[in-house]
Amino acid sequence: MIILLLLAVWPDAAFSTVLQIRLSRTETVSWAQGASPVLLVRPKRGDGWYALAKRYCSNPKRIAQLRAANPELKAPLRGVRVRIPAVTLAGRWRLKVVRHLFPVDRRVADGWRHQVLNPFGPGSETWPWLAELFTGRAGNARLLRRVNPDSPRSGPRRGQLLLIPESRLLRVFRSQPVREEDHRGGPDRRTPVESTRPAVASHSATPSPAPTPTPAQAHVSRHPRNVPLRYGRDRHGAYAVYRLKAGEALYSAVVVRFTGQLHAAEVNATAHQIARRSGIRDVTSIPAGYPVKIPLDLLLPEYLPAGNPRRVAWEAGRQSLKRYVRVVRARKLEGVQVILDAGHGGCDTGAVVDGVWESTYAYDLLCRIRADLKRRTRATVWTTIEDRSRVYRIPHRNILREDRDQFLLTHPPFLLENSTTGVHLRWYLTNSIVLNERRKGVPPGKIVFISIHADSLYRGVRGSMVYVPSRYLRPASFGVDRRVMRKFREYRQHPRVVLSRSFKARAEASSRRLAVQIIRSLKSSGLAVHRYEPVRDSVLRGRRRWVPAVLRYSLAQNAILIESANLANQ
């Protein structure tokens, strides 16, 4: 083990031709030069290929692979060690072997972080072998190369950090607790205290004493996500109980997950409210298995007990959407009208974190999506905004120049000197395009509106999210009575938007289906998405919910707002 750690620290260290690590009296991990790692096991009395395949691989169909790995043996013999390839092992055995071979490896928010050892030089760890070890399919090798573009063509180099995306990880690796650390292997200095100090008492020299509440009248309930919550009631009212797992923090594992809060102020306030209710004195030193009490009125409806009126209404609403879904097919998006919008701009920078402007990078994403759609599809692409100095050119650099010369493509153009007027003109402009295209015979299902943003949330949250318009939070009609709006043609043509009940339901169903597909696409490409509820129908701030204006008043049947990343997360 010490040799492996030294090799991880000094990647150029020399190695012998065989590496062996003893796991138990009967099992040893062996990695020989020119071969792949195997688990050496000593069969028990009466063991045949079937018994070994079932015990170590949980799959009798692996018998052929075990025979091939041991050509000198017609049958397992007691006292003669049998080679079991690491890529055939069952979950717990595979994890055990990986933990001993690669002690620096760890679970991270967007997958598994693997440090290449290549103990016998280049080629010891190949893309197909890594793909089969961590994802179960050698065919995922191409995806791993794409997710890790800095690797040389000859293969991963010793000491390199690779990401195996969560979407393709085997379940045993996904089940491991996430460690909030950066790519260098040390704590992320920009993550909050509760992330860098896991809430596990066994890791703390002097944990704060805390009483262990016993839930009264507690019972287990099954959830769509199979979350082990229990419910009870005390003198303060009804609550749910969640027992923290090793490595989990109160902020992310409970508040973000079960209450849906995302902004730092709300996350911190809710965490301290739950801590007081649960008798927790120090939120940074909570023992693993500690029962955390969450008041029912803070829970998202999907986590409430079965039969709770709020959960019943939520389930009925989700079920009713299914009848509104209509699948639209278009080869290479032919006939599809895509309206792209980049949030903020001009005098409104949007979120600003460490000098990075949301408006600048949202516009850059718009330019890249626009170019990709034009190059790869037959869709018609519209934009609501343009940068006067850059137009739609794509710069080949990571750090972009910040400027304020974006304007909306209304008639006449609006220079975005007022953010409120800018927000309203965006949906007026979008609706003008939608109505004009529908008059030309374009089906509503072939019109898509995408607004691109980047959020600034609680620092432990990362990845993309997609918002869709909740049918319950949109008005039947709406118009802006402002003198400044009257000079714009888009406003004069359609000063008031009318939204029927059936349209709002259809729009939520269609938009949600599109959002789910986008999230799946991001995951399959190895890009980070929000861990809990990446598709949402409203923005939550404290107890208040609302739909962003560009979605709330949009006449596009497919309307989504993408929060591409959390700028506050390093």
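1. Two strands count as paired if DSSP finds at least two bridges between them, and helices (H or I, at least four residues) and strands (E, at least two) are taken as DSSP runs, numbered from the N terminus. In these terms Y467 stands opposite L561 in strand β25. This note concerns a predicted model, in which local features need pLDDT of at least 70 and side-chain atom pairs count only at pLDDT 80 or more, while totals for chains, interfaces and linings use all residues. Residues are numbered from 1 along each chain as its sequence is written, and side-chain values use heavy atoms, with hydrogens and water left out.

2. Strand β25, which covers residues 558-566, has two partners to look at. With strand β18 (residues 447-455) β25 pairs in the parallel sense over seven bridges, and there L561 is the bridge partner of S451. With strand β19 (residues 465-467) the pairing of β25 is antiparallel and runs over three bridges. Seven of the nine residues of β25 are buried, where buried means under 20% relative accessible area, exposed means over 50%, and partly exposed lies in between (1.4 Å probe, protein chains only).

3. Helix α15 (residues 501-524) has 24 residues and reaches 35 Å from its first C-alpha to its last, close to the 34 Å expected at 1.5 Å a residue; the expected span is 1.5 Å times one less than the number of residues. Its buried residues include F503, A507, R512, I519 and L522. Among the elements that cover the buried residues of α15 are helix α11 (309-321) and the strands β19 and β25. After α15 comes G526, whose phi is positive, near 80 degrees.

4. The structure holds 16 aromatic pairs, that is, rings of Phe, Tyr and Trp (its six-membered ring) whose centres lie within 6.5 Å, with planes under 30 degrees apart counted as stacked, over 60 as edge-to-face and the rest as tilted. The rings of W427 and Y428 have centres 4.0 Å apart and planes at 25 degrees, so this pair is stacked. Because Y428 lies in helix α13 (residues 419-439) and Y491 in helix α14 (residues 489-493), the pair ties together parts that are 63 residues apart in sequence.

5. Which residues form one aromatic cluster? They are W427, Y428, F478, Y491 and Y553. W427 is buried at a relative accessible area of 1%, Y428 is buried at 2%, and Y491 counts as buried at 10%. Leaving aside residues up to four places away in sequence, W427 touches F478, V480, V497, A549, V550 and Y553, a contact being heavy atoms within 4.5 Å.

6. Elsewhere, the charged end of K293 sits over the ring of Y239, 4.5 Å from its centre, and that of R370 over the ring of Y392, 4.2 Å from its centre. The criterion is that NZ of Lys or CZ of Arg is within 6 Å of the ring centre and within 35 degrees of the ring normal.

7. Helix α5 (residues 127-135) is mostly covered, with seven of its nine residues buried, namely W127, W129, L130, A131, L133, F134 and T135. These buried residues pack against α4 (91-101), β6 (111-115), α6 (141-147), β7 (161-165) and α7 (171-174). Just after α5, G136 takes a positive phi of about 85 degrees.
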